[in-house]
Amino acid sequence: MGEIKSMADENRMFPPPKEFVDQAYVKSREEYEKMWKQSVEDPETFWGNLAKDLYWYKPWFKVNREDFAKAEVEWFIGGKTNLSYNCLDYQIEKGKGDKVAIIFQGEPEDDVKKITYKEMLSLVSKFANVLKKKGVRKGDRVAIYLPMIWQLPVAMLACTRIGAIHTIVFGGFSAEALRDRILDAGAKILITANGYWRSGKHVSSKANADKALELCLAEGHTVDKVIVVRRLEDLDVPMKEGRDTWFEDEMAATDIDDVCPAVMMDAEDPLFILYTSGSTGKPKGALHTTGGYMVYAYATVKYVFDIKDTDVYFCTADIGWVTGHSYVVYGPMLNGATSIVYESVPTFPKPDRFWQIIEKFKVNVFYTAPTAVRALMKEGEQWPQGRDLSSLRLLASVGEPFNPEAWLWFHKYIGGEKCPITDTWWQTETGGHMICSLPGAIPTKPGAAGLPFFGVKAVVLKPRSSGDEPAVECDVNEGGELCMARSWPGMMRGVFGDPERFYNTYFIQQPGYYFSGDGARKDEDGYFWLLGRVDDVVNVSGHRLGTAEIEAALNSYEGVAESAVVGFPHDIKGEDLYAYVILKTGVQPSDDLKKALVAHVRKEIGPIASPGKIQFVSGLPKTRSGKIMRRILRKVASGEIDQLGDTTTLADPSIVDEIVAGRQ
Ligand code: WTA
């Protein structure tokens with residue numbers, strides 16, 4: 001530990017090995033800077049050239065137009081294309097038809113399916129025809145609630161083929177969370193599975209889906225069609241006559257052709273909606289559009305993963321999150337790569353499952369999250385040491401700052417000290433990587449996210465206290481708010497169904513800039529170091545959770561008067577949730593009540609949102625105007641009780657003593 005700490009203090013750099021540099025697309029910082037400069041000063045040429053690597057029915061007449069201060073952004077204006085066509089037909093035209101596009105590894109070891117680009121095209125076309133038969137048309141929303149199985153990319157590519165807007169809901173979300181997303185998107189069709197494997201057990205997705213649809217009905221919204229993948233042969237689930245059909249039966253129907261022309265989409269036509277948490281109680285539907293997202297997903301996989309035709313690539317993220325959208329499915333397929341879809345957890349049957357998959361398929365590029373690395377590091381290095389990981393040439397990370405201790409373990413035991421590690425900072429909103437060091441060009445510093453990707457004009461701004469203050473950049477190494485000074489192609493274009501919310505959420509904090517919600521500092525070498533969220537969002541095991549949503553869930557439980565949820569540091573998860581709960585008069589605090597509250601949050605949102613600690617309190621520290629002083633709650637939750645700062649402005653300072661005394 002001492003050694004690691006001092007390394008972090010020294011700002012040690014790890015330059016990429018020469019063999020890596022020799023074969024990399026970008027080989028030096030100078031080369032990167034030249035390209036970056038062109039990407040922001042002359043996007044017309046830079047992005048125009050990159051976009052030409054892809055297929056367009058009709059070219060754009062202008063690459064980019066924006067009034068950034070008003071959150072108005074367009075890319076590849078007038079261009080017509082199709083994402084599914086580019087991921088499939090275009091790859092086949094380039095001679096990759098017999099190359100494996102997706103390797104599916106189920107939880108059971110022998111459950112493997114390798115799907116070539118040609119086979120994928122046939123499956124996707126068939127399923128697109130199934131969707132059409134069900135009445136799905138361009139612009140319709142299709143809700144997808146599937147586990148990590150190969151039918152998920154098939155469903156996504158089928159939607160984008162016909163211009164339907166998919167909204168994927170992470171399989172770990174509850175029926176209530178699924179209902180909210182279906183309602184907000186106005187989806188009339190749902191694709192789900194009977195269930196999936198999790199640590200040797202069956203989990204049913206259909207039960208949650210059925211409940212969600214009942215809840216939708218109670219709100220007056222009917223989902224008319226449900227397509228169910230029979231993932232588990234022997235798991236019986238009720239099928240509703242006239243509404244539910246099996247995926248396998250639909251695909252085998254005699255009237256289903258395996259040819260389906262891709263719909264010509266305008267570059268700015270909606271592509272997908274993905275719900276994400278923010279500082280209000282209601283998740284927002286981040287809306288991405290076709291052309292810009294496509295080019296950005298393509299470009300980031302090419303340069304950040306330095307992807308080569310021979311690479312086998314493994315991203316461990318769930319497709320239910322944006323990382324899975326851009327970096328399990330679309331980005332790799334736009335590059336004609338081979339991408340692994342793994343159904344289950346890293347620890348089943350043993351804590352070497354990732355390492356075993358790397359060995360089995362000779363993975364070259366491995367993309368995962370620090371929380372997974374920390375959890376596997378805890379299991380010991382004998383697990384990776386028992387596997388042949390020599391095929392790896394590049395490691396990458398996403399989701400939260402990579403603590404140097406876990407970084408060094410990853411570097412030594414997984415990368416064999418020969419693989420560069422590229423950290424990637426980005427968000428659901430950004431569509432693709434934003435801050436990330438190109439692996440052949442930029443030496444890495446453990447714990448730093450690195451330098452901006454092409455097209456990204458990142459700045460760290462001083463927090464403003466009033467609406468009239470101008471935006472001011474921070475000094476070197478001074479912490480501030482991470483913002484963007486211009487648009488990039490993969491940026492979200494709006495909040496679905498709520499146009500004003502986009503502007504109001506991201507463009508008000510620092511007028512003229514996109515505000516990420518993250519704190520950061522920029523060091524003397526221009527590297528960005530992420531400092532965590534500055535808003536009320538907590539990052540638990542890489543899952544982004546809005547504390548307001550969890551508070552709303554707690555407050556909806558009988559007997560709860562009010563609550564406040566904050567994050568606190570956790571060894572494996574990065575952060576965990578600490579809930580302060582005020583009970584209604586006459587309700588007795590008890591351990592059973594705590595358990596009931598946890599169960600309630602799991603039911604309302606999902607297991608990922610379970611508070612790690614609950615403390616019953618008689619009041620919350622509030623200012624005289626009634627604002628909860630979250631800073632104090634965070635300090636108490638983190639055990640920093642001697643650094644509470646000034647509490648004299650509180651309406652009732654004595655409440656702080658009570659909270660400190662009852663700390664969990
Ligand atoms: C955090 C996931 C530090 C950050 C792609 C961001 C990170 C939020 C990193 C987005 C990283 C993601 N270093 N923090 N490399 N990557 N984050 O929308 O707080 O699920 O705002 O997108 O995760 O989470 P989201």
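Colleague: How far apart do the C-alpha centres of domain 1 and domain 3 lie?

Modeller: First, this is a predicted model: local features need pLDDT of at least 70, side-chain atom pairs count only at pLDDT 80 or more, and totals for chains, interfaces and linings use all residues. Residues are numbered from 1 along each chain as its sequence is written, and side-chain values use heavy atoms, with hydrogens and water left out. The domain bounds come from an automatic or database domain assignment, which gives 4-82 + 269-532 for domain 1 and 537-661 for domain 3. The C-alpha centres of these two domains are separated by 31 Å.

Colleague: How much area do domain 1 and domain 3 bury between them?

Modeller: Contact here means heavy atoms within 4.5 Å, and 17 residues from domain 1 meet 15 residues from domain 3. Buried area is the accessible area (1.4 Å probe) that two parts lose on being put together, summed over both. Carbon and sulfur atoms carry 49% of a total of about 1200 Å².

Colleague: Which residue forms a salt bridge with Arg-544?

Modeller: A salt bridge is a side-chain nitrogen of Lys or Arg within 4 Å of a carboxyl oxygen of Asp or Glu. The count between domain 1 and domain 3 is one. For Arg-544, the closest N and O atoms are 2.8 Å apart, and the partner is Glu-429.

Colleague: Why is H15 largely enclosed by the rest of the structure?

Modeller: Buried means under 20% relative accessible area, exposed over 50%, partly exposed in between (1.4 Å probe, protein chains only). The cover over its buried residues includes helix H17 (404-414) and strand E30 (574-583). H15 is largely enclosed because its buried residues number seven of the 10.

Colleague: What residue follows H9, with a positive phi?

Modeller: H9 spans residues 175-185, and eight of its 11 residues are buried. Those buried residues pack against several elements, among them helix H10 (205-218) and helix H20 (591-604). Phi is positive, near 65°, at the residue that follows H9, Gly-186.

Colleague: How many residues apart in sequence are the parts that Asp-111 and Arg-231 tie together?

Modeller: Their salt bridge has its closest N and O atoms 2.7 Å apart. Asp-111 is partly exposed at 24% relative accessibility, while Arg-231 is buried at 14%. Asp-111 sits in the loop between strand E4 (100-105) and strand E5 (112-116), Arg-231 in the loop between strand E11 (225-229) and strand E12 (244-246), so the parts they tie together are apart in sequence by 120 residues.

Colleague: Are Arg-243 and Asp-210 buried or exposed?

Modeller: Their side chains meet in a salt bridge at 2.9 Å, N to O. Arg-243 is in the loop between E11 and E12, and Asp-210 is in helix H10, 33 residues apart. Both Arg-243 and Asp-210 are buried.

Colleague: What is the relative accessible area of Asn-194?

Modeller: Asn-194 lies in the loop between strand E8 (189-193) and strand E9 (195-198). Leaving aside neighbours within four places in sequence, its contacts include Val-203, Leu-232 and Trp-246. Asn-194 is buried, and its relative accessible area is 0%.

Definitions and conventions: Helix = DSSP H or I, 4+ residues; strand = E, 2+ residues; numbered from the N terminus.
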